[in-house]
Each structure stands twice: as C-alpha cells, then as structure tokens.
Amino acid sequence: MHGPLTKLALAFVGTKAAAEEVVQETWLAVVVELDLFEGRSSIRTWIGSILVKRAKTRGVREKRSVPFSALGTEEAAPIEAARFSARGYWSDPPRRWDAESLVLRKEARQAIERELEALPPAQRTIVALRDIEEWTSEEVCNVLEITETNQRVLLHRGRARLRAALERFHAERAT
Amino acid sequence: MFTCRDATSLLTEETERSLRGWLRAKMRFHLAICSHCGAYRRQMNEAIGLAKETRGSEVSSAVEDSAIAAFRRRGADVPQE
C-alpha cells in the first residue's frame, strides 16, 4: 500500500520527499492508533483518511491549500474540439494502432508512465487509486472527501490524457 | 441527437455504471454502431491496462525501519503474563 499512499500524499504536498515523510508519519500513526480502528470502513479507507489529514496539514504549512476537488478540473476538454465536426461527430477519428510486440508494449508503458507523472495532481491521484491500485469509487470519495461526480470528472480527464499520450506514441512510431 | 462528442465525454460514466435510463440506452446504441467511438473506448481501455502494469510495490527502507521500531516499542509496552 506504500505506493498508492505516496501518490495520494503527492496530491497535497509539494515534493516526493515531503510525501514520503507524510507516509512515514501515517504508518507510525497507524501503529499507535490501530486499536482505535472500529471496522466501520475498510482498513484501506481508514489508513487513507489518516494520511489525507496529515497531508492536508502539511500542505497548509507549505501554503498549498487549494482544495483537492479544485485541482485538475480547470483544464480544457480531454479531446480537442477540432477533432469533432460542428454537429459533434468525429472529423478526425482515432486511428487504428498497430498490433503489439513485447518491445512496443514496454515502450508504450513507458509513455504512459511519463504521462502519469505529468498529470495534474488530482487526476494523477484518482487514476492511481482507481485504475492502478483498484480502490473502489466509494473508498476514494471517502478518503478524499469529494463527490462521486467530482471523482468521475477527474478520472475521465486523467484517462483521456493517458489515451491521448498513447495516441501520440503510436503516431510517432508510424512516421 | 446523441453525438460522438457526447459518447466520448460519457465513457467513464458508462464504465462506472452511473448512466441511467434513456441516456444509458443511447450510449449503448451509439457504441454499437459507431466504429470510431468503439475504437476510442478500446484505446482508452488499453491505456488503463498499461497504467495498471506500471504498478510497483516499493517500500522505502526508512519507512520499513520506522514501522519495525514502532512495533518493537509497542511490544515492550505490553504487560507480560
């Protein structure tokens, strides 16, 4: 669980070092407070909530006090408007991607990794928790204290950016 | 009219099963007949699949040492019967 906790902390603090410190503090708090866990939520949600409280406090100290729900929702639509006609149908549709070799898949995965790092923090956090670590929507919303709708918007935008990165990767290979 | 722009913007809602009623039906029909949107959905699923493959399982040694030290201190506080 360490990986997803670090990714979660990075949504609130400025550096990976600060995120690692928050995660370390969280694990220590978990050890101390484990007797207080009543089982009303999953252990994952409980640990995530402890981390988010600590990360938010750290974020305020670092003067990064933008609410999580406001991060990553300000950018433009996931697909450029010019790819649709005025009536809303594809004018520049997705192209077929070549069949994969193992080498191509490895390079494609690296392209995805780079794009994951480049995502706005909130989108990166949601994609990491939902798609990589397979937390449920309820767990993510409870820990981050955001609405289902907000969570879906961030997830969609993050996924769309990953798909666009893969499209660029395949387009570059085709030229 | 339900368009390709509508379908691509609602893809995540469709996978999250949060579309209801008539909108859900329109989405399913559109995906069944539009090869471009079908391709877009497959490509998004491929991107998600590749993202899952990036999952690592690293635990930093500093964190591990802290956790072990904390467990040992807890053990020292527990009364021995």
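Biologist: Which residues of α5(A) are buried?

Modeller: This is a predicted model, and in it the buried residues of α5(A) are A:A122, A:Q123, A:R124, A:T125, A:I126, A:V127, A:A128, A:L129, A:R130, A:D131 and A:I132.

Biologist: What makes helix α5 (residues 121-132) of chain A largely enclosed by the rest of the structure?

Modeller: Eleven of the twelve residues of the helix are buried, so the rest of the structure largely encloses it. Just after α5(A), A:E134 has a positive phi of about 60 degrees.

Biologist: How many residues does chain A have, and what percentage of them count as buried?

Modeller: Chain A has 175 residues, and 49% of them count as buried. The chain exposes about 8900 Å², with 53% of that supplied by carbon and sulfur atoms. Its elements are seven helices and zero strands.

Biologist: Why does A:T26 count as buried?

Modeller: Buried means under 20% relative accessible area. A:T26 has 0% relative accessibility, so it counts as buried. A:T26 lies in helix α2 (residues 16-33) of chain A. Setting aside neighbours within four places in sequence, A:T26 is in contact with A:I47, A:I50, A:L51 and A:R54.

Biologist: How do the axes of helix α1 (residues 2-10) of chain A and helix α3 (residues 43-61) of chain A cross?

Modeller: The two axes come within 9 Å and cross at roughly 35 degrees. The crossing of α1(A) and α3(A) is right-handed. From α1(A), the contact involves A:L5, A:L8 and A:A9; from α3(A), it involves A:I47, A:G48, A:L51, A:V52 and A:A55.

Biologist: What makes one residue of the contact of α1(A) with α3(A) polar?

Modeller: The contact residues divide into seven nonpolar, one polar and no charged. Gly counts as polar by the rule, and A:G48 is among the residues that make the contact.

Biologist: Why is the pair of A:F84 and A:W90 called tilted?

Modeller: Rings pair if their centres lie within 6.5 Å, and the centres of A:F84 and A:W90 are 4.7 Å apart. Planes under 30 degrees apart count as stacked, over 60 as edge-to-face and the rest as tilted. The planes here are at 40 degrees, so the pair is tilted. Over all chains the count comes to two aromatic pairs.

Biologist: What kind of aromatic pair do A:W90 and B:Y40 form?

Modeller: A:W90 and B:Y40 form a tilted pair, 5.7 Å centre to centre and with 45 degrees between the planes. A:F84, A:W90 and B:Y40 form one aromatic cluster.

Biologist: How do you know that the pair of A:W90 and B:Y40 joins two chains?

Modeller: A:W90 lies in a loop of chain A and B:Y40 in helix α4 (residues 35-52) of chain B, so the pair joins two chains.

Biologist: Are A:W90 and B:Y40 buried or exposed?

Modeller: The cut-off for buried is under 20%. A:W90, at 10% relative accessibility, counts as buried. B:Y40 has a relative accessible area of 1%, so B:Y40 is buried too.

Biologist: Is B:F29 buried or exposed?

Modeller: Exposed means over 50% relative accessible area. B:F29 has 55%, so it is exposed. B:F29 has its place in helix α3 (residues 21-33) of chain B. The C-alpha atoms of B:F29 and B:T8 are separated by 13 Å, the two residues being 21 residues apart along the chain.

Notes. Residues are numbered from 1 along each chain as its sequence is written. Chains are lettered from A and ligands numbered from 1 in the order in which they are written. This is a predicted model: local features need pLDDT of at least 70, side-chain atom pairs count only at pLDDT 80 or more; totals for chains, interfaces and linings use all residues. Side-chain values use heavy atoms; hydrogens and water are left out. Helices (H or I, at least four residues) and strands (E, at least two) are DSSP runs, numbered from the N terminus. Buried means under 20% relative accessible area, exposed over 50%, partly exposed in between (1.4 Å probe, protein chains only). Accessible areas come from the Shrake-Rupley method with a 1.4 Å probe; for residues, only the protein chains shown count as cover. Axes are lines fitted to C-alpha atoms, for helices over the stretch in contact, and angles run from 0 to 180 degrees between N-to-C directions. A crossing is left-handed if the near helix is turned anticlockwise from the far one by less than a right angle, and right-handed if clockwise. Contact means heavy atoms within 4.5 Å. Rings of Phe, Tyr and Trp (its six-membered ring) pair if their centres lie within 6.5 Å; planes under 30 degrees apart count as stacked, over 60 as edge-to-face and the rest as tilted.
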